[in-house]
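Dear colleague,

Here is the structure I promised to pass on, with my notes on it below. Please read the notes with the coordinates open beside them.

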Amino acid sequence: MVQKYQSPVRVYKYPFELVMAAYEKRFPTCPEIPVFLGSEILHESRSDDGAIHIIERSCKLNVDAPRLLKKIAGVEYVFFIQKNTVNWKERTLRIEAHNETFANRVVVLETCSYSVHPENEEWTCFEQSASLDIKSFFGFESTVEKIAMKQYTSNIKRGKEVIEHYLKELISQGITFIPRWTPPPVCGQKDERTPAVGHDADDVPPEPGARGTTKEQTGSSCPPAEAVSPDADKLDADYIERYLGQLTPMQESCLIRLRQWLQETHKGKIPKDEHILRFLRARDFNIDKAREMLCQSLSWRKQYQVDYILQSWRPPALLEEYYTGGWHYQDKDGRPLYILRLGQMDTKGLVKALGEESLLRHVLSINEEGQKRCEENTTIFGRPITSWTCLVDLEGLNMRHLWRPGVKALLRIIEVVEDNYPETLGRLLIVRAPRVFPVLWTLVSPFINENTRQKFLIYSGNNYQGPGGLVDYVDKEVIPDFLGGDCMCTVPEGGLVPKSLYQTDEEPENSDHIRLWTETIYHSASVLRGAPHEIVVEILEGESVITWDFDILKGDVVFSLFHSKRAPETSHREATSASASAAGDNTQLIEKAWVLGVDYSRVESPLVCREGESIQGSHVTRWPGFYILQWKMHGPLPCSGTSLPRVDDVLASLQVSSHKCKLIYYYEVLASKDFRGSMSSLESCNSGFSQLSGATTSSSQSQSSSHLSR
């Protein structure tokens, strides 16, 4: 595999001629670079007018390699051929180098260039690129590659330091200005002009009176607040340090190469540099993996117009009222601070009232806003800020939050965020974690990247107060009032979403919404008089667990569970009611010819479910076969000659305005061993958030260990 390196543009705030004089001080030997043992000029030539000067050298290097490897290779030193071409007229220097030692086994190519800064002719730019291709090396190819890359990268920044060292040395000697090259005089007239770089800088006769003071010529004035790249398509090393942070030479190279590839292949708009860098960090600067991840994300953003989400997305009023999250100043490191009161959020109600896509779009808008705030804080604080801090308050978290469809929706949101917003979370502070938190953590943590998990800090009870707690990461002045601070926080307090706001397929989220997911957790169904809705679950082995969760949106129904050894046939039969045409999603499986107790058997007692109720339950299967979940319209029982209809049944029948019931449902099959660890997720328990835990009951209804909770 060929290893490549591409440097950013490094800027010396000195004129080109002075930088060249400093560069020549590196030859024939350079004590500042221990690995460089010396050089010998092989060839030297100049153009007639002296504008072009070419020097070819043989350079001797002492590579820091294991003694055994040097013995096997049979060499003590490595020789390189370096060709320097300086053009005084254009004020450029091009350096080309390749290895002479082991040239048939290892190919090392390096190209460097010095040129005048395009926006300031008194500054000099430097760029460097190299490639390493180890074809064979006595079976030590991998070892040699690591040694070569380590040695090369360690000397990259050292090279700039050496030039700056010699520049200071020249200035200390009083050499602060060297005149530019001028054409030779006409008709044999003598004229002073800049000597070729091949001469030692000490031999340069500066013009009297032309010297400026060191302060004037070194460009020591503060750089502008907005670092300007020498070329719009290139990155300046100072810009990287100012806006992206400290990167190693190879990390800089990966960023530049990936950026160049995007410019060549994506002719339109390319991501910002900090966004590209996040994908590289997420893949440990493996440029191929980062490229694949970034390209998939760019396609995703284009497909769903995510770049415009801050302009197009307006959260519904319901979301603004019940979504308990919002931005709140910044932490001590200058990162934007987002507060999420997850324990006070009715996740189940939000999913059912708004749908998964609306919640996802809202989360995406939060991430987009977070990136925008990071850019603003980078400018405000004068240092790179590329991530934000999230403070999650779990006060009120209970078993209802572990509602399986809600957890699944959360996991899918996490998956989308991890894939498209990597390395945006700088720190996650979790406070007031209750006893139920480990259960949620067990479900969620496998889907979170290892690098992200290492940024989590979890406090139970009141451990977040005092030294070692929030005050270590957030200024005391901005700690929210509900966590014992003095700062008023405008994050909504949440509450229980009214069930009257729950949606069905007949009430879509938005007519112009973007489909971000191709599937949904919930199914909707209509139940008609004489036309129940039925679904079948095939169980191949006993001791599996069927779980369900459904809400009755309209009318009253009777829920039952049956078992059959025969596979039922799906049919959409017409109901006896005139409203059958409005049935919508209605499937019937139990054939009219089937006899209860012969062709199929009841394994759960019928449960009457009233309008507005939420039902969660489970059934541990005893036998393989086909299990049928049935929702049937509930009506008054036929009365005998000695009994009258119950008042409740009469009132219930009067309340149903039509012969149609609506419900949304979700079901899943779990292996028994997997279910035992999450049994509690289907049952509610008391918590500090009384609205979410009130009016909850649980009952055992069969020997099959079925649990039904309203």
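How many bridges join strand 10 (residues 336-340) to strand 11 (residues 388-393)? In this model, which is a predicted one, 4 bridges join the two strands, and strand 10 and strand 11 run parallel. Within that pairing, Tyr338 has Cys390 in strand 11 as its bridge partner.

The two strands belong to an open sheet of 5 strands, whose order is 9-10-11-12-13 and whose pairing is mixed. Strand 9 (325-330) and strand 13 (456-460) stand at the edges with a single partner strand each, so one side of each has no neighbour in the sheet. From one strand to the next, the twist averages 20 degrees. Helix 12 (residues 356-381) lies across strand 9, strand 10 and strand 11, and its direction makes an angle of about 5 degrees with strand 9.

On the aromatic side chains, the count comes to 22 aromatic pairs. For Phe27 and Phe36, the ring centres are 6.1 Å apart and the planes stand at 90 degrees, which is over the 60 degrees required, so this pair is edge-to-face. Phe27 and Phe36 are both buried. A second pair joins Trp327 and Trp388, with ring centres 6.0 Å apart and planes at 80 degrees, so this pair too is edge-to-face. The tryptophan pair links distant parts of the chain, since Trp327 is in strand 9 and Trp388 is in strand 11, 61 residues apart. Trp327 has 18% relative accessibility and therefore counts as buried, the limit being under 20%, and Trp388 is buried with a relative accessible area of 6%.

Phe27 and Phe36 also take part in one aromatic cluster, which is formed by Tyr12, Tyr23, Phe27, Phe36, Tyr114 and Phe126. Pro28 lies in the loop between helix 1 (16-24) and strand 3 (36-46).

Turning to helix 3 (residues 141-172), does its length agree or disagree with what 32 residues should span? At 1.5 Å a residue the helix should span 46 Å, and its end C-alpha atoms are 46 Å apart, which agrees. After helix 3 comes Gly174, whose phi is positive, near 90 degrees.

Which values of phi are positive in a residue other than glycine? One of them is that of Phe285, near 60 degrees, and this residue lies in the loop between helix 7 (273-282) and helix 8 (287-303). Another is that of Arg432, near 55 degrees, although Arg432 has its place in strand 12 (residues 425-433) rather than in a loop. Phe285 counts as buried because its relative accessibility is 16%, and Arg432, at 16% relative accessibility, counts as buried too.

Conventions:
Residues numbered from 1 in each chain as written. Predicted model: local features only at pLDDT ≥ 70, side-chain atom pairs only at ≥ 80, totals over all residues. Heavy atoms only, no water. Expected span 1.5 Å × (residues − 1). Pairing = 2+ DSSP bridges. Axes fitted to C-alpha atoms, helices over the stretch in contact; angles between N-to-C directions. Contact = heavy atoms within 4.5 Å. Phe/Tyr/Trp six-rings, centres within 6.5 Å; stacked < 30°, edge-to-face > 60°. Buried < 20%, exposed > 50% of the residue type's maximum accessible area, 1.4 Å probe, protein only.
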